[in-house]
Amino acid sequence: MTHHQEIQLPTTLAEVLDVLTSNPDPNKKRQQSKLSAISRISTYMNRPPSDIPTDIPQLRKLLASLHPAACGVKPNTLSTTKSDLASALRAVGVLQDFEAKSELTPEWDTFLTTVQSTHQVWGLMRFARYCSARSIQPAEVNSDVVQAFQATLDAALLKNEPAKYIQSMIDTWNHVIDKHDLDLPRLDRLSSGRYVARPLTDYPESLQAEIKAYIDRLAQRDLFSEGGPDKPLRETSLRNTEAHLRQMLDALVTSGQRPEKLTSLSVVVTANNLKTAFRTIIDRRGNEDLPTGLSNVAATCIAIARHHLSAPEDVIRALKDIQKKVTATPRGMSNKNAERLAQFNDWENVALLLSLPDTLMARADDNPTRRDSALAAMHAAALTILLSCPMRVKNLANLDLDKHLIPARSGTHTYYSIRIEGIEVKNGEPIEVKLNARSSKILHRYIMQFRPQVSQVGGRALFPRSSDGKPRSPANFGGDLTRRIFRETGLKVHPHLFRHIAAKLYLEERPGDFETVRRLLKHKRLQTTMDFYASLSNQWAHDHYDEVVLSKFRGTSDD
């Protein structure tokens, strides 16, 4: 090989091991740390080193999926292992060395002196050194510089996500400029990558007023208005209706129509416009998959045409024909939920989740006066209820001590029942369940000891807001629970997934008993239950086939 030829860098951790072994670090302790890091990461990922790429963005994503609880180690141990892996990759030239030692130019030194706040200086220092090494002064900073900096970070950061670092750096830069009134360019925040439709205020006031009146009628905000639904739509449905209209309007404008011409719903909601809007949305998506949600947009247009515009039947039929063409007919749970449910093919993950309420309550009891302990106890109580009676997050968040919880004494113990009227449940089916002794104990401990610390304001919400004692919003409470579960276990579980988890765990023990699952989840129709969970019996079928047929040909032992 001549000196003009490029040295081939390792492409897998197995190749990194070979290079490190051939050219060991003179410091034996440092050498062992590098080798050990590769071995540990391989174990944590359940992959051989030869199957773990050294491509930094790919490897960073794999490392981000590791969680201390799932790896069976403490957070500091995992963090140290990642740092040692980074050292190993630097030693073989895979991970680029950042210009950490670059001297600052006088202009950057002056700028950072202005910053004053230590954490803001640290937030900008890496960018300042990058620019200084390239003779880029603060006044010359622009989006192109930031983009090039992000590309450099992409090859230099193993543990942290470059986009998050860049976003934080941009926010700090803009804050410093505004606070000190510096004559320097402000930077645009990074795009989220999510397309945002134009606001309704971009359209004529006549259309805005008509849409508002239509949504008010759906919400039955005027008790005596005519032509509305039999019962008011939920807030989520109202927001979705407006979002569907914004999406369609935005697509029409993108296709070339002028906003000022879209003066009324009768002008907007036509079969030709719906086709035009959908073609624009599909083209924007840029792949062969049909964008999700088009059927819902079409359903909104059909409802407007029928109930608001009193359109002729041929118009309704034309809109329905379009809806059929964009409607996928999935049966069962979404791919994303199925993927998250697969976490529980590992029994250790099942144990982590089922024991989490006890873990949280024990931690709360260790320091019962701290607010963190009160929140941990609140989450323990909520998770206990979801495990015992997997309900929708709106019903969970709105549980009321007087209205929904029924305590009963038995000796020195208190047992709880939960009852929710059908009118409060999405599908109209009432919820009624008696909690067992273990679940009642956790719930009672929370109510008696920790709930008063969550909110000192009067109120009867089981999970009150600290500010006013009213029930926590379902979206915020669900998000809190999701983050708590991930932080403690590394599992990605949102409140609604508890329904799928319950079905999975039960059907693994009682294959084919869909009627019990139907009753547990309060489905009205058995077919709904089977559509969602019939696939969960597939593994049982494979295992049964293995036991009944294949085992006869290999004997009674796999040895």
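Which residue takes a positive phi in the hairpin of β1 and β2? In this hairpin, with two residues between the strands, the answer is Gly 411, whose phi is near 65°. The model is predicted, so to speak of its local features takes pLDDT of at least 70 and side-chain atom pairs count only at pLDDT 80 or more, while totals for chains, interfaces and linings use all residues. Numbering starts from 1 along each chain as its sequence is written, and side-chain values rest on heavy atoms, with hydrogens and water left out.

Strands here are DSSP runs of E, at least two residues, and helices runs of H or I, at least four, both numbered from the N terminus; two strands pair if DSSP finds at least two bridges between them. Strand β1 (residues 405–410) runs antiparallel to β2, joined by six bridges, and Pro 407 has Tyr 416 as its bridge partner in β2. On its other pairing, β2 meets β3 (residues 431–434), again antiparallel, through four bridges; there Ser 417 partners Lys 434. Strand β2 itself (residues 413–420) has a covered face that includes Tyr 416 and an uncovered one that includes Ser 417.

Turning to the interior, a nonpolar core is a set of buried (under 20% relative accessible area, 1.4 Å probe, protein chains only) Ala, Val, Leu, Ile, Met, Phe, Trp, Tyr and Cys residues joined through side-chain atoms within 4.5 Å. The largest has 56 residues, with Met 391, Leu 396 and Phe 463 among those with the most contacts inside it. Helix α19 (residues 371–388) gives the most to this core, 10 residues. A second, separate core of 35 residues includes Leu 245 and Phe 278.

Note on methods: Buried < 20%, exposed > 50% of the residue type's maximum accessible area, 1.4 Å probe, protein only.
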